[in-house]
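The following exercises concern one structure. Please study the sequence and the model before reading each solution.

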Amino acid sequence: MENRVKILIIEDDKKIADFLSMALRAKDYQVIRAACGKEGILQFCTMAPDIILLDLGLPDLDGEEVIREIRKVSEIPILVVSAREMDEDKIKALDAGANDYVTKPFSMGELMARVRVMERYMIGKDYTRPENVYHFDELTIDEDRRRIFLGQEEIHLTPLEYKLLMVLVVNCGKVVTHRQIMKEVWGYAEDKNSRSIRVCMSSLRRKIEKDPSHPHYITTEIGIGYRFIEKEREETDA
Ligand code: CA
């Protein structure tokens, strides 16, 4: 029985693919490689990987198309690896269903931390919510009773603040784009009105963050969206 986690790397840059494979193998992951989108989809169908590492700039298909194809049939965790200047593509990739991204150049520690988050998605989406109560350091969210506590003190949120908090919490560790927030919280398909998000976010932060100008629970991914902290804080082995 092979029970090591199997990672499919879809990356056309041989140097980066070599580097990723070497690092992942050293951490005892099993690695499969594909140098273009079509080959990646084929490997996904035939090799049953557990996690996909996807470069967005591929010679044949758009990374986003690869995600859309795979999402038709599978919820496999997809971690996008992309260059910094491609913010718009990252957003499209997240909207298409990618779980998260790392930006090139990244440290091995950062990549491994993200891969471990992907492993937790493998186990099941429910890993963060025993009995619908979430604990993040001082913050406790009882979803069934709609009650939120910071330490012993109860926090009162408006319905929009609560929705905004929950869309981030259920995706904890993962960046949620402005467009996704607009859709989930306000019900709009477009993210034109990102000012509403900023206003709601700053009042939410004033309520849950000790120092709203240095937020601990919700970090800003500039130009992309927001990320709620991961449930388990992990050491990165850079
Ligand atoms: Ca590339």
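**Exercise 1.** Is glycine 57 buried, partly exposed or exposed?

*Solution.* The model is predicted, with local features requiring pLDDT of at least 70 and side-chain atom pairs pLDDT 80 or more, while totals for chains, interfaces and linings use all residues. Residues are numbered from 1 along each chain as its sequence is written, and side-chain values use heavy atoms, without hydrogens and water.

Step 1. The relative accessible area of glycine 57 is 38%.
Step 2. Buried means under 20% relative accessible area, exposed over 50%, and partly exposed in between (1.4 Å probe, protein chains only).
Step 3. Glycine 57 is therefore partly exposed.

**Exercise 2.** Determine which residues coordinate the calcium ion and how they are spaced in sequence.

*Solution.* Step 1. The ion is coordinated by Asp12 (OD), Asp55 (OD) and Gly57 (O), at 2.2 to 2.4 Å; donors are N, O and S atoms within 2.8 Å of the metal (3.2 Å for Na, K and Ca), and water is not among the atoms, so sites may look incomplete.
Step 2. The spacing of the donor residues is D-x42-D-x1-G.
Step 3. Aspartate 12, in the loop between β1 (6-10) and α1 (14-26), and glycine 57, in the loop between β3 (51-55) and α3, lie 45 residues apart and link distant parts of the chain.
Step 4. Aspartate 12 is partly exposed, its relative accessible area being 35%.

**Exercise 3.** Describe the packing of α2 and α3.

*Solution.* Step 1. Helix α2 (residues 37-47) packs against helix α3 (residues 63-73) at about 20°, with axes 10 Å apart.
Step 2. Therefore α2 is roughly parallel to α3 (angles under 35 degrees count as roughly parallel).
Step 3. Gly37, Ile41 and Phe44 of α2 make the contact (heavy atoms within 4.5 Å) with Val66, Glu69, Ile70 and Val73 of α3.

Methods. Axes are lines fitted to C-alpha atoms, for helices over the stretch in contact, and angles run from 0 to 180 degrees between N-to-C directions. Helices (H or I, at least four residues) and strands (E, at least two) are DSSP runs, numbered from the N terminus. Angles under 35 degrees count as roughly parallel, over 145 as roughly antiparallel, 65 to 115 as roughly perpendicular and the rest as oblique.
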